[in-house]
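Open the model in your viewer and keep the selection panel at hand. The stops below say what to select next and what is there.

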Amino acid sequence: MELLIVAYHYFGDENHYKTGIYPVSPERFAKQLDVIGAHYSFISENDLVLALQNNSKLPKKSCLITFDDGLSCQYKYAVPILKEKSIPAVFFVCTQPYTDKKAIIVHKIHYLLALVSIDKLLSELEGQYKDILGEKLDWGKIDSARISNWYKYDDEKTGKFKFFLNYHLSPDISKKIVDNIFSTYCDVSEEDFCNRFYLSREELRKLNENPLFSLGLHTHTHFNISGKDKKFIYEDIAMNYKIIQNLVNAKNIYGISFPFGLLSIEEFKNKLNDVLKKLGLSYGVTSHKAINTDFQNPFLLSRFNVNDLPSGRRPIINF
């Protein structure tokens with residue numbers, strides 16, 4: 001068995017932003033689907049769930065297309081191509097933007113990087129850090145090796161900015177800093193930003209009703225699992241599940257994509273195994289880069305992103 005799972009995020013004009021947001025053009029997306037389709041059979045989430053639950057056989061070489069975050073650009077640019085080619089896909093959705101009218105922190109970071117120079121953002125970060133914590137930010141305490149490992153596609157300054165906010169700081173302090181900088185540079189209200197940036201309720205409903213597509217969980221707040229306890233994790237994911245059900249009257253939700261993508265088997269066993277089983281989920285996807293050859297750990301399935309594959313910007317595998 002070879003199961004290739006591919007993750008997509010932003011879509012649009014690839015030359016529109018210099019950094020922060022890295023869209024895939026519709027042309028590149030269509031070309032990549034054609035390249036994948038020449039070597040793999042596209043499967044639906046239902047095909048995967050049947051293979052997991054009933055030992056149904058998948059094609060010898062199969063591929064599942066997935067989308068993270070629930071972004072409006074996915075519906076505008078990717079969905080028409082998927083419909084045209086009759087290719088199924090799973091959309092993993094965060095729900096905080098629908099209930100709280102608040103954008104996900106990581107998306108605010110991406111937007112700021114696309115809008116403001118990195119030197120100015122680092123200066124803002126240092127100022128906010130000093131105002132909130134009362135001390136000067138010491139960059140010497142940051143693990144540069146981890147930065148380069150996590151953010152291979154970014155330059156050094158951009159990687160440093162992302163890593164510090166996503167991993168080094170506590171989530172509460174990071175949120176305060178990002179919210180303050182975001183409110184300074186975003187020219188619309190946060191509610192208007194959410195309405196423009198994320199899938200609308202009507203788009204979610206149409207995805208749910210189309211037999212080609214499935215909706216999955218991406219947590220409510222897009223939190224980092226490593227920094228949260230089991231109680232928080234259960235409450236957040238359960239809220240994510242309930243809100244999607246209420247938004248579109250979804251009857252069955254089977255899968256979850258873990259924010260930030262990488263987690264260890266120990267973290268899964270200690271924090272997630274009981275939680276996901278309690279919610280009745282069947283599988284989970286990570287950002288570990290590999291082709292899946294068995295279902296020994298169905299909640300830790302590996303995925304490649306668009307840049308890793310042929311027709312991507314930095315392919316690391318060939319078919």
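**Stop 1: Ser62**

Select Ser62, which sits in strand E3 (residues 61-69). Helices (H or I, at least four residues) and strands (E, at least two) are DSSP runs, numbered from the N terminus. This is a predicted model, in which local features need pLDDT of at least 70 and side-chain atom pairs count only at pLDDT 80 or more, while totals for chains, interfaces and linings use all residues. Residues are numbered from 1 along each chain as its sequence is written, and side-chain values use heavy atoms, with hydrogens and water left out.

Ser62 has 0% relative accessibility and therefore counts as buried. Buried means under 20% relative accessible area, exposed over 50%, and partly exposed in between (1.4 Å probe, protein chains only). Leaving aside residues up to four places away in sequence, Ser62 touches Glu2, Leu3, Leu4, Tyr40, Ser41 and Ile43; contact means heavy atoms within 4.5 Å.

**Stop 2: two loop residues with positive phi**

Go to Asn55, in the loop between helix H2 (45-54) and E3. Its phi is near 60°, a positive value in a residue other than glycine. Asn55 counts as exposed because its relative accessibility is 66%.

Then select Ser86, in the loop between helix H3 (72-85) and strand E4 (89-93). Phi of Ser86 is near 55°, again positive in a residue other than glycine. With a relative accessible area of 52%, Ser86 is exposed.

**Stop 3**

Axes are lines fitted to C-alpha atoms, for helices over the stretch in contact, and angles run from 0 to 180 degrees between N-to-C directions.

Which residues make the contact? From H5 they are Ile105, Lys108, Ile109, Tyr111, Leu112 and Leu115, and from H9 Lys175, Val178, Asp179, Ile181, Phe182 and Tyr185. By class, the contact has 9 nonpolar, no polar and 3 charged residues. Ala, Val, Leu, Ile, Met, Phe, Trp, Tyr, Cys and Pro count as nonpolar, Asp, Glu, Lys and Arg as charged, and the others, Gly among them, as polar.

Stay on H9 and colour its buried residues: Ile173, Ser174, Ile177, Val178, Asp179, Ile181 and Phe182. Their cover includes H5, helix H6 (118-133), helix H8 (156-168) and helix H10 (190-197).

**Stop 4: Ile118**

In H6, select Ile118. At 17% relative accessibility, Ile118 counts as buried. Beyond residues up to four places away in sequence, Ile118 touches Leu113, Lys157, Thr158 and Phe161.

**Stop 5**

Lys228 lies in the loop between strand E5 (213-217) and H12, and counts as buried at 19% relative accessibility. Its contacts, not counting residues up to four places away in sequence, are Pro171, Phe223, Ile233 and Lys271. Lys228 and Lys271 are 43 residues apart in sequence and 8.7 Å apart in space, C-alpha to C-alpha.

Finish with helix H12 (residues 230-248) and helix H13 (residues 265-278): their axes come within 9 Å and cross at roughly 35°. Lys230, Ile233, Tyr234 and Ile237 of H12 meet Asn270, Lys271, Leu272, Asp274, Val275, Leu276 and Lys278 of H13. This contact has 6 nonpolar, 1 polar and 4 charged residues.
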